[in-house]
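Visitor: I'd like to learn how to read salt bridges in a model. Could you walk me through some?

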Amino acid sequence: MRTDGPPPRLVGRHDEIRHLDEMCAAARAGRGGVAVLRGETGIGKSALLDHMCEAAADLRIIRASGAEFETVLPYAALHQLFTPLLGQVAELPAEHRDALRLVFGPAQETCDLFQIGLATLNLLARAARDRPLLCVIDDAQWLDPASAKALVFLARRISAEPVTMVFAVRTPGAEEDPLGRLPGLVVGGLSDRESRLVLAASGGAHLDDEVRDRIVAEAHGNPLALLELPKAGGFAPPDTSSLPTRIELSFRARLTGLPAAPQMLLTVASADPTGDPHRLWSAARQLHLDAAGVCAAAADTGLVEFSTRIRFCHPLARSAVYGAASADQRRAAHEALADAADPTVDPDRRAWHRALACASTNEEIATALECSASRARSRGGHAAAAAFLERAAALSADVDKRVGRTLAAAQAGLDAGTVDTAAELLRTVGGAVLDERGHADVELLRAQIAFARHDEDNGPAFMLRAAEWLRDVDPDRSRKCLVDTLEKSLFVGRASGIMELVLSAARSAAPTSRSPDLLDALVSLATEGHRAAAPLIRATLHDAERPMWKRRPALGAMLAAEFWDVGINLAIVEWLLTTGRASGSPLVLRLGLALAASSAALMGDVGRAIAATAEGEAIAEALGLAPAYYDRLHVAAVRGDRAAFRLFSDVTAAASELGSQHLAANVHWSAAVLNNSLADYPAALTAARQAVASRDLFLAGAALPELIEAAVRCGETGAATDALEALSERAEAGDTPTGSGIAAYARGLVTGAEDDYREAIEHLEQSPLLLYRARSQLHYGEWLRRHGRRRESRGHLEIAHELLSGAGMDAFAQRAADELLATGAVTRSRSVRTYYQLTPRELYVARLAATGATSPEIAARLYLSPRTVDAHLRSIFRKLGVTSRRQLKDAPGLGPV
């Protein structure tokens, strides 16, 4: 709530002020906090921010404000906020200084959110070392997307820092609110009593009671309305327009009778949201405006303050001024601002103003906008790139260039996550005359949009249509589209029936320049079976020069698992982790961590699996995405904790909401493993049948051993025999120790032949998958005891128990313990494992600290500040009863990450 004079003490707002005061007190005590003030236009959010800054004068305060015309410039708001802290950038590590060059300079190197987020987090932490920090961001509904993501990243990570972040957001706002998951504080209207106090304080005492009552009723407690509506004179006829519109009209009324020169100065100020006086006066000179002569007249309107920053009294005042200007006046303002922008230091702002000043097609400006889009994309500003390219398309006279730029804008919009914007851009291309490649590009974009929308299932159809357009003009790309169809469908969990469609299209596909290729291998696998396809699959997986899995790691991992090729699977995991860390790609690293967690769980390193899951969830949290459920399911299954059933239920609901059959199949496999470990064989059989019925790569084959064990225990010999035939085909085709060993013990379960159990143990001794190695010992021990050979069984059961209990596979270990007890043996109880005492994130921090990693190194892995890591370490020391990092090395379960 502002007036034209000195701001009065806020009326009301006691709860809001108390909450904000408590946040500042927490910062003084070394604790961070974040709040998002949400409310309608004029409700008093900015006034609360101003009051907070006055009350927290002992804190270091930095401010920024979103601007409607700056949303196309990546990191514009971040630049505003952090400019006062630039003097401390030199204190940061080199990699953080390099990242910040992208935010605060014209650098064009590629950098992602995480590098910039970590750099700004450490800059905040350093700035707050000597004095708590208050970060105030007004009009956050107009933050450029790159700044919004970076600020949300920061807001989620300041809890251990003496930093308070407060945002103000107008509601109703954008449908996709980037701040939606941050703690909110709704700012509502004032009471009637408080409204009357505001009216009286603002000079409304002269109004008669009837008019005053009407204004109070129509304002609905909105302070800005209470200040502006009386200026209509008190006797205006009733207005049925919305309150923001009426307030804006009130601001526009102040322009009535204003001479052309000061009105033009106001238009220039409204078109430049930076509030930079130097830029404004430079533009004024371009327009031959006498600054001294027109400034006073413009300021007398009360709409704008000309000082060290140009500041409108309210965002609606800026909108009112810009809306009141004619099209010619706006173009002249933007042209003058473009001329005032330095083409070397600020090329993107210059290009954008030139574009807004242009009334017709202009290839030179369109090309400049393309360059701006390229710079924005390299800095992670995909939404800005989309805006630049969309405007470039509008300025393109050449049809082909216009279509190309529109498609590029749609792709940038997809990369930014603005699916609806991308779809709308794509619709504008509908009537264009395209060649085969153009049609294919359109269909591929439609496919991406469909895959991104969880309520659409036609993504595969669009990709197959793209393959058809390319079949004759680009056979290799056409075949790639077919494989992409399968891989993308698997990845988003909508693969049901897709293999049949791909196979149908593959039969008419032109041959590739490299034959045989992955498509040939997949066709052979689907039509001729595992034995026939094995040579082709091995050739694609083991190609020393161009291994397929470096281009398609997710599909490569599934194919390797389908043939029980653990060596290739581990190579894929290592490559993903190394590549993801070296490149800084969060998506590559996240996939690697998910696969690493699943592999570690099967290999018996539950602690490492939990730690990998924790790191993956840190990435998902930073991206604002849901965690990857697959690894959590697999870890829960092998641990054998009944609490996992709640996780299974939650993930089943998520899979149903997402329409992901692949995720549902993961739940079924995990449930089959867990129920077998708990000896609940009917439940295991039901779950395993569902997993096998999915026919998904890897999961259907991985569920066969579970189905066989459960079917044998339930007396369903026919089902076990059929499953054994399918498992044997996979094992023989893969010809690996792991596959051969699992098939051998499964055969022993079905036939009861002792030699099969012995063969299984011999093969699996060479396998790194402890889960199956230990189970081969368990099965043989169970078989020996049931055949009255208790003494012989004891040795195998002890090996199984030692392996399973040492790995934290508690339910399987209990099965082994029960069998040992039946032989008369007594098992030793194990001490509580470290990962039962710590949260997943604490376990990850502890494992890294145990290897000698410093707090900054750990912080970089988890996208936290070093101070937050130190807080985790204090909690870890307390829980484990240790006092130093050195002692962590001796804690059980803290091996290398």
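Visitor: How many salt bridges does a search of the whole structure find?

Guide: This is a predicted model, and searching the whole structure turns up 48 salt bridges. To call one, look for a side-chain nitrogen of Lys or Arg within 4 Å of a carboxyl oxygen of Asp or Glu. Take R331 and D328: their side chains meet with N and O 2.5 Å apart.

Visitor: Where do R331 and D328 sit relative to each other in helix 15?

Guide: They are 3 residues apart in helix 15 (residues 327-340), so about one helical turn separates them.

Visitor: Is D328 buried or exposed?

Guide: D328 counts as exposed, because its relative accessibility is 54% and the cut-off for exposed is over 50%. R331, at 25%, counts as partly exposed. Salt bridges can also share partners: E706, E709, R713, R775, E782 and R815 are joined that way into one network.

Visitor: Which residue does R279 form a salt bridge with?

Guide: R279 pairs with D272, and their closest N and O atoms are 4.0 Å apart. Now check accessibility, where buried means under 20%. R279 has a relative accessible area of 12%, so it is buried. D272 is at 4% relative accessibility, so D272 counts as buried too.

Visitor: What about E16 and R13: are they buried or exposed?

Guide: Both E16 and R13 are buried. Their side chains meet in a salt bridge, with 3.8 Å from N to O.

Terms used: Residues numbered from 1 in each chain as written. Predicted model: local features only at pLDDT ≥ 70, side-chain atom pairs only at ≥ 80, totals over all residues. Heavy atoms only, no water. Buried < 20%, exposed > 50% of the residue type's maximum accessible area, 1.4 Å probe, protein only. Helix = DSSP H or I, 4+ residues; strand = E, 2+ residues; numbered from the N terminus.
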